[in-house]
Amino acid sequence: MRELSFQVINYICFILIAILLGAIQSALWLQVFGYTPAPYLWMTITNYWIMFRSPVRAMIMSYLVAYVLFSMSGMPLSVIFVVLMVNFGFLYILRDRVLWAGPTQFMLACGGLAFVVPISSMIGAYFFETAPNVEFHFFSWIVSALFTALSALPIYYILVVIDKLTQQEAPKNTSSELI
């Protein structure tokens, strides 16, 4: 029973962080940095769960994050699901074959998958929207991916601390004095 309560607290904490990161990305970023392309801060939550949890738990968190994003985005829910499932597929295939454990791998995964988000959202819009309004901005694509990779490192350590506080298994091979 105690383990179940820690798991529920873990889910709640990660959802609250997803809400906070989504709010920073969708509202605060524009107020502070203007029209500079925003990083995909929500992606850190889904990537963390895909890389360090079982596939079922990662899929549940992806669906929960999709509903959080839907309330803060102009994208239809079906397109958000396409983006998250494409990211899930790419990262799940790569996590045991190419990537290693630790914060550098997490940064690499977040930055790499940030390149996939605009492409998968264009594909999802063409298949699921009646009148797809898709524009591709090359500069925004590159800058968002770089900002996502840079923002992934501090967020990674916050997520590891939450895992330790809720007695979840922390990612392996993390060598830091902080955790």
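Thr148 is in contact (heavy atoms within 4.5 Å) with Pro39, Tyr40, Met43, Cys110 and Ala114, leaving aside its neighbours within four places in sequence. Thr148 lies in helix α7 and is buried, with a relative accessible area of 0%. Buried means under 20% relative accessible area, exposed over 50%, and partly exposed in between, with a 1.4 Å probe and protein chains only. The model is predicted: local features need pLDDT of at least 70 and side-chain atom pairs count only at pLDDT 80 or more, while totals for chains, interfaces and linings use all residues. Residues are numbered from 1 along each chain as its sequence is written, and side-chain values use heavy atoms, with hydrogens and water left out.

**Overall fold**

- The chain has 7 helices and 0 strands; helices (H or I, at least four residues) and strands (E, at least two) are DSSP runs, numbered from the N terminus.
- Read from the N terminus, the order of elements is α-α-α-α-α-α-α.
- The chain is as compact as a globular protein of 179 residues, because its radius of gyration is 16 Å, close to the 16 Å that the globule rule gives for that length.
- That radius is taken over C-alpha atoms, and the globule rule is 2.2 Å times the number of residues to the power 0.38.
- Along the principal axes, the C-alpha atoms fill a box of roughly 50 × 35 × 30 Å.
- Of contacts in the chain between residues at least 6 apart in sequence, 72% join residues at least 24 apart.

**Surface and charge**

- Buried residues make up 44% of the 179 in the chain.
- The chain exposes about 9,700 Å², and 70% of this area is supplied by carbon and sulfur atoms.
- Accessible areas come from the Shrake-Rupley method with a 1.4 Å probe, and for residues only the protein chains shown count as cover.
- There are 7 positive and 7 negative side chains, and the centres of the two sets lie 9 Å apart.
- Lys and Arg count as positive and Asp and Glu as negative, whereas His and the chain ends are not counted.
- Each charge is placed at NZ of Lys, CZ of Arg, CG of Asp or CD of Glu.

**Cysteines**

- The chain has 0 disulfides, a disulfide being a pair of cysteine sulfur atoms within 2.5 Å.
- The closest cysteine sulfur to that of Cys13 is in Cys110, and the distance of 19 Å is too far for a bond.
- Seen from Cys110, the closest cysteine sulfur is that of Cys13, again at 19 Å and too far for a bond.
- Cys13 is partly exposed, with a relative accessible area of 26%, whereas Cys110 is buried at 0% relative accessibility.
- Cys110 is also one of the residues in contact with Thr148.

- Asn87 is in helix α4, which spans residues 77-95, and counts as buried at 0% relative accessibility.
- Beyond its neighbours within four places in sequence, Asn87 is in contact with Trp42, Met43, Ile50, Leu113, Val116 and Val117.
- Met43 is among the contacts of Asn87 and is also among those of Thr148.
- Tyr11 is found in helix α1, residues 2-33, and counts as buried at 17% relative accessibility.
- Not counting residues up to four places away in sequence, Tyr11 touches Trp49, Arg57, Ile60, Met61 and Leu64.

**Loops and the end of α7**

- Glu129 is in the loop between α6 (116-128) and α7 and is partly exposed at 25% relative accessibility.
- Residues touched by Glu129 are Pro76, Val79 and Gly124, not counting those up to four places away in sequence.
- Glu129 and Pro76 are 53 residues apart along the chain, and their C-alpha atoms are separated by 8.2 Å.
- Ser73 lies in the loop between α3 (55-71) and α4 and is partly exposed at 31% relative accessibility.
- The C-alpha atoms of Ser73 and Ala114, 41 residues apart along the chain, are separated by 17 Å.
- Leu165 is in helix α7, residues 138-165, and counts as exposed at 65% relative accessibility.
- Leu165 and Asn10 are 155 residues apart along the chain, with their C-alpha atoms separated by 8.7 Å.
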